[in-house]
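Welcome! Please take a moment to look over the sequence and the model, and then let us walk through a few parts together.

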Amino acid sequence: MSFLEISDLTSGYGKATILRNLSLSVDRGESVGIVGRNGAGKSTLLLSIFGQTRVFGGEIRVAGTRIDRLPAYRAAHLGVSFSPQGRMILPNLTVQENLCMSLATGRKGDWTLEGVFDLFPVLRERARQPGMALSGGQLQMLAIGRALMANPEVLVLDEPTEGLAPVLVDVLTEALLKVRASGTGILVVEQHHALIRAVTDRFVVMAKGEIRGGGTSAAM
Ligand code: ATP
Ligand code: MG
């Protein structure tokens with residue numbers, strides 16, 4: 001049994017079907033990249049894991065438990081946490097308060113506030129400032145740090161480098177390599193193939209709501 005198992009999933013929004021009979025499994029500690037054109041359904045796949053789409057058929061299991069009708073916080077309890085496309089912060093809370101929201105899952109593990117500050121030192125420097133004072137790249141780090149603080153088995157990221165300067169793409173790549181080395185799996189939608197190559201074991205290609213291929217990331 002894989003840790004995360006998506007089986008024959010058909011899902012979408014309202015009456016619209018976007019994903020068709022899609023299956024994808026991620027083992028504990030495994031890292032998988034998802035690539036494909038704009039509108040291929042990559043975000044819809046991740047949103048489906050977190051109960052934010054309408055599921056028409058199939059199922060999603062985390063460690064054997066069905067989660068396809070449960071929200072993100074429940075998935076985080078089970079060990080799958082999410083940094084969505086477009087960053088979510090509470091602008092009037094401090095950087096530190098924004099990071100600590102994931103502690104509500106009660107999952108204990110390697111990732112603490114100090115660990116996240118070591119990973120992204122700029123967040124330590126700005127810990128007491130309001131979330132709204134962060135730049136785009138810093139917000140991205142905050143979103144990833146918050147997801148890590150739930151101590152997930154699988155960290156799910158949607159376009160973590162979107163809008164980042166090349167130097168920050170390198171910073172993020174290094175950070176995700178450390179996350180992977182800590183034993184946390186990564187499921188990442190990303191346009192930068194260099195990042196997929198660096199931090200994942202294998203990749204899948206999506207088109208028109210289906211997985212159309214894939215392979216070993218090193219051979220990408
Ligand atoms: P991108 O690379 O641009 O982020 P994507 O592969 O993540 O693209 P999705 O966001 O999953 O693509 O979109 C897949 C399809 O679902 C698109 O046709 C899109 O218009 C549609 N879609 C996305 N969100 C919604 C929504 N909330 N309501 C209705 N349709 C939606
Ligand atoms: Mg998307």
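Helix α1 gives the most to the shell around ligand 1, contributing three residues. This is a predicted model, in which local features need pLDDT of at least 70 and side-chain atom pairs count only at pLDDT 80 or more, while totals for chains, interfaces and linings use all residues. Residues are numbered from 1 along each chain as its sequence is written, and chains are lettered from A and ligands numbered from 1 in the order in which they are written.

**Around the ligand**

Which residues surround ligand 1? They are Tyr13, Ala16, Ile18, Gly36, Asn38, Gly39, Ala40, Gly41, Lys42, Ser43, Thr44 and Gln85. A residue counts as near a molecule if its C-beta atom, placed from the backbone, lies within 6 Å of it. The elements that give two or more residues to this shell are β2 (16-26) and α1 (42-49). Helices here are DSSP runs of H or I with at least four residues, strands are runs of E with at least two, and both are numbered from the N terminus. By type, the shell divides into four nonpolar, seven polar and one charged residue. Here Ala, Val, Leu, Ile, Met, Phe, Trp, Tyr, Cys and Pro count as nonpolar, Asp, Glu, Lys and Arg as charged, and the others, Gly among them, as polar.

**A covered strand**

Now turn to strand β7 (residues 154-158), where five of five residues are buried. Buried means that 20 or more other C-beta atoms, placed from the backbone, lie within 10 Å of the residue's own. In a regular strand the side chains alternate between the two faces of the sheet. In β7, Val154, Val156 and Asp158 lie on one side and Leu155 and Leu157 on the other, and both faces are covered.

Together, β7, helix α7 (residues 166-181) and β8 form a right-handed β-α-β unit: with the strands pointing away from the viewer, the path from the first strand over the helix to the second runs clockwise.

**Strand pairs**

Two strands pair if DSSP finds at least two bridges between them.

| Strands | Bridges | Direction |
|---|---|---|
| β6 (residues 80-83) and β7 | four bridges | parallel |
| β7 and β8 (residues 185-189) | five bridges | parallel |
| β1 (residues 4-13) and β4 (residues 54-62) | seven bridges | antiparallel |
| β4 and β5 (residues 65-66) | two bridges | antiparallel |

In β4, Glu59 stands opposite Ser7, and Arg61 faces Arg66 in β5. The hairpin of β4 and β5 has two residues between its strands, and Ala63 takes a positive phi near 50° there.

How values were computed. A residue is buried if 20 or more other C-beta atoms lie within 10 Å of its own, exposed if 12 or fewer, and partly exposed in between; C-beta atoms are placed from the backbone.
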